[in-house]
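Please look over the sequence and the structure before reading on.

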Amino acid sequence: MARRVAICAAAQIRNEADIWYQRFQGMLLECFESLVDQTGLTFDMDTGVRSVVTCSDDVLDARTISDNGMTDVVGAHYRGEEKMAQDGLNGLGYAMASIMSGHDDLVLLMGHCKESQSESRHMCTNLAFDPFFTRPLGLDYLNACGLQARAYLARSGLTEDHLSEVVVRARRQAAQNPFARKTSRVTAQEVSASPLVSDPLRALHYYPATDWAVGMLLCCEDRVHEFTDKPVWLTGFGSCMDSFYLGERDLAFSVALQQASRRAFKMAGGIDTGDIDLFELNDAAAHQMALWAESIGLVRAGDGAHWLETGGPDRHQVNRSGGMLNGNPLMLGGLARALEAFQQLRGEAGDRQVDGPQRALAHGTTGPAGQHHAVLIMEN
Amino acid sequence: MPSDFDTSDCYTIPGKLALPYTYFAGRVGSRFITTLRDRHKIMGVRCDHCDMVLVPPRQTCERCLRDLSDQWCEVGTRGEVVNYTVVRYPDRHQPRPVPFVLAMIRLEGADTPIVHLLEEIAPEQVVIGMAVEAVFAVKTTATIRDIDHFKPCDS
């Protein structure tokens, strides 16, 4: 029988537009020191942290083997260290597997991303495309989202008004989140007056460039009491990779997310969306919250517009954090979703606290327009 | 930034990544590129098991894992717009001054649309379902941009 795994503590810095005054090592150090303070964790080779998982991206950091820039800062010296270069939610899945399998008792997970460092985050994501067929055409994550948005709007009946309302809600929710990127409240009129960037997406329909760092301590059940009296259990994880070429995917419904969520539901004991009290979906663009809600089975396929019109996101407690749409960096959107779920399940979400959630779903995406999906089920 | 943050000795230095590469296109990719370059023909591969014609071509079907490297078939240089976006943010990696149209075009005989530039039409006039044809580049770059762009045509 695999061992149970919990997140014992989490720490983050505030999501900001441009942390020019701190190296990413310094950003991580703040999280690291907070975790030590919260839990008293040590780096004793017999009883302390011996395994570290880091999450970062080479191109965004402008250095290959980006993890070797901060292994000393996160206590990895002479310890096991592995890097996740997909969304950090996969790092959580990896750390979870490491403990379930008995490989180690404790895993420290650390993630960072500074989207502000490069002249253009879109040039970074252009490099995610192959050099023969797609990169020379200027494809990047923003215009890939533009193509996906048009496909999804046509399928689901979403209009520009729906997209505007999603942004208004994201900003409203984020205003209650002290670690959220400081984005101003907007009206639907202001959203629809923002310039088109990749039709049908407007500037405010896409997440703003963001810098952020985060850390978490994971532990096996036997030793959880050493670090916390409020563990959050990781009970299900699933991931799934879709086709690389946009033309070979159904852009208006993510089969990969459907598969990833089914795998996570099965691992969590055969649950369904009806058994989940809170959802954090990785919405890089305004059309994606409803698209992902359809793909995990929370909303019937094609019913996204109706779901938004009838208060579905509030009724189903979706993206109380403000979502990625309000501002989390690439590669950490899913980890930010898991952090919100962690705080909500512990009753530590402040003004945006949901009433007594027992089980939550966190979702992360990697690649253009959500090529790869990861789903994590978390429980009290 | 926290309001009490001390920014003394906080200095930023400029950096740049610029590193030329040479990529092997693969045997299948090589034949696609050289056929496009020398004969102005667009080639796909057919997976009989999945009953699909895939463009761009590849050696292996990702669905059934069968080898497709000898399953060449020519698809049309004309096709249909099935999706598009108008790119309006200028950037160094963009192939054209903005605004320009990136369209998903299903070529005649293909099942999977490719993404390419759609020109010789105002962005406001683009509609899903319109017929388009390839305009080949005068000078080869040995990439997909040996098709310079697609333009509207009679269906």
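How many bridges join strand E1 of chain B to E2(B)?

## Basis of the model

This is a predicted model, in which local features need pLDDT of at least 70 and side-chain atom pairs count only at pLDDT 80 or more, while totals for chains, interfaces and linings use all residues. Residues are numbered from 1 along each chain as its sequence is written, and chains are lettered from A and ligands numbered from 1 in the order in which they are written.

## The sheet in chain B

Three bridges join strand E1 (residues 42–47) of chain B to E2(B), and the two run antiparallel; strands here are DSSP runs of E with at least two residues, helices are runs of H or I with at least four, and both are numbered from the N terminus. B:Cys47 has B:Met52 in E2(B) as its bridge partner.

The open sheet has three strands in the order E2-E1-E3 (chain B), with antiparallel pairing, where two strands pair if DSSP finds at least two bridges between them. Strand E2 (52–54) and strand E3 (72–75) of chain B are the edge strands, each pairing on one side only.

## Helix H12 of chain A

Helix H12 (residues 333–345) of chain A has 13 residues, and 13 of its 13 residues are buried, that is, 20 or more other C-beta atoms, placed from the backbone, lie within 10 Å of the residue's own. After H12(A) comes A:Gly347, whose phi is positive, near 75°.

## The contact between the chains

Chain A gives 30 residues to the contact and chain B gives 36 residues, two residues being in contact if their C-beta atoms, placed from the backbone, lie within 7 Å. On the side of chain A that touches chain B, H5(A) gives the most, with five residues.

Notes
The expected span of a helix is 1.5 Å times one less than its number of residues. A residue is buried if 20 or more other C-beta atoms lie within 10 Å of its own, exposed if 12 or fewer, and partly exposed in between; C-beta atoms are placed from the backbone.
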